[in-house]
Amino acid sequence: MLMSKRKNMVDATVKRSKNEKWNVAADGVKLGQVDGLCDATDLLYEAGYKVYAYRRHPSASGKSGFIATCIKFKPYKDRV
């Protein structure tokens, strides 16, 4: 039970941009642009998100996009 207070589920968006790169955002914060989904997973992990699953979610304009269900880990207070 103690662990559940230190993490929560978050949806991150990974959308294809005009320059054929992927825009990555989580919690409404843009994290950056990457070349592929593997790089998007790495970027999310570096930002403190562990990807649980990707779901295909195309945009209204028909561009490729995904929603990543992630777990956001909060740092322990004694480590901050």
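# Close-up views of a predicted model

**View 1. R55 is partly exposed, with a relative accessible area of 37%.** Here, buried means under 20% relative accessible area, exposed means over 50%, and partly exposed lies in between (1.4 Å probe, protein chains only). This is a predicted model, in which local features need pLDDT of at least 70 and side-chain atom pairs count only at pLDDT 80 or more, while totals for chains, interfaces and linings use all residues. Residues are numbered from 1 along each chain as its sequence is written, and side-chain values use heavy atoms, with hydrogens and water left out. Helices (H or I, at least four residues) and strands (E, at least two) are DSSP runs, numbered from the N terminus. A search of the whole structure turns up three salt bridges, each being a side-chain nitrogen of Lys or Arg within 4 Å of a carboxyl oxygen of Asp or Glu. One of them joins R55 to D11, with the closest N and O atoms 3.8 Å apart. Because R55 lies in strand β4 and D11 in strand β1 (residues 7-16), this pair ties together parts that are 44 residues apart in sequence. D11 is also partly exposed, with a relative accessible area of 45%.

**View 2. K21 and D35 meet in a salt bridge through their side chains, at 2.5 Å from N to O.** K21 sits in the loop between β1 and β2, and D35 in the loop between β3 (29-34) and α1 (37-46), so the bridge ties together parts 14 residues apart in sequence. K21 is partly exposed at 29% relative accessible area, whereas D35 is exposed at 53%.

**View 3. R16 forms a salt bridge with E20.** The closest N and O atoms of R16 and E20 are 3.9 Å apart. R16 is partly exposed, with a relative accessible area of 27%, while E20 counts as exposed at 52%.

**View 4. W22, Y54 and F66 form one aromatic cluster.** Rings of Phe, Tyr and Trp (its six-membered ring) pair if their centres lie within 6.5 Å; planes under 30 degrees apart count as stacked, over 60 as edge-to-face and the rest as tilted. By this rule, there are two aromatic pairs to look for. The rings of W22 and F66 have their centres 5.8 Å apart and their planes at 50°, so this pair is tilted. It links distant parts of the chain, as W22 is in strand β2 (residues 22-26) and F66 in strand β5 (residues 65-73), 44 residues apart. Both partners are tucked away: W22 counts as buried at 6% relative accessibility, and F66 counts as buried at 12%. The rings of Y54 and F66 have their centres 6.1 Å apart and their planes at 75°, so this pair is edge-to-face. Y54 comes from strand β4 (residues 49-56) and F66 from strand β5, 12 residues apart, so this pair too links distant parts of the chain. At 27% relative accessibility, Y54 counts as partly exposed.

**View 5. K72 places its charged end over the ring of Y49.** The distance from that charged end to the ring centre is 4.7 Å. A charge sits over a ring if NZ of Lys or CZ of Arg is within 6 Å of the ring centre and within 35 degrees of the ring normal.

**View 6. The largest nonpolar core has 14 residues.** A nonpolar core is a set of buried Ala, Val, Leu, Ile, Met, Phe, Trp, Tyr and Cys residues joined through side-chain atoms within 4.5 Å. The residues with the most contacts inside this core are A12, V14, V24, V34, L44, Y49 and C70. The elements giving two or more residues to the core are β1, β2, α1 and β5. Take A12 as a guide: leaving aside neighbours within four places in sequence, A12 is in contact (heavy atoms within 4.5 Å) with A25, A26, L44, F66, I67, A68 and C70.

**View 7. G28 lies in the loop between β2 and β3.** At 78% relative accessibility, G28 counts as exposed.

View 8. Of the 80 residues in the chain, 26% count as buried. The chain averages a pLDDT (the predictor's confidence in each residue, from 0 to 100) of 83, and 82% of the residues score at least 70.
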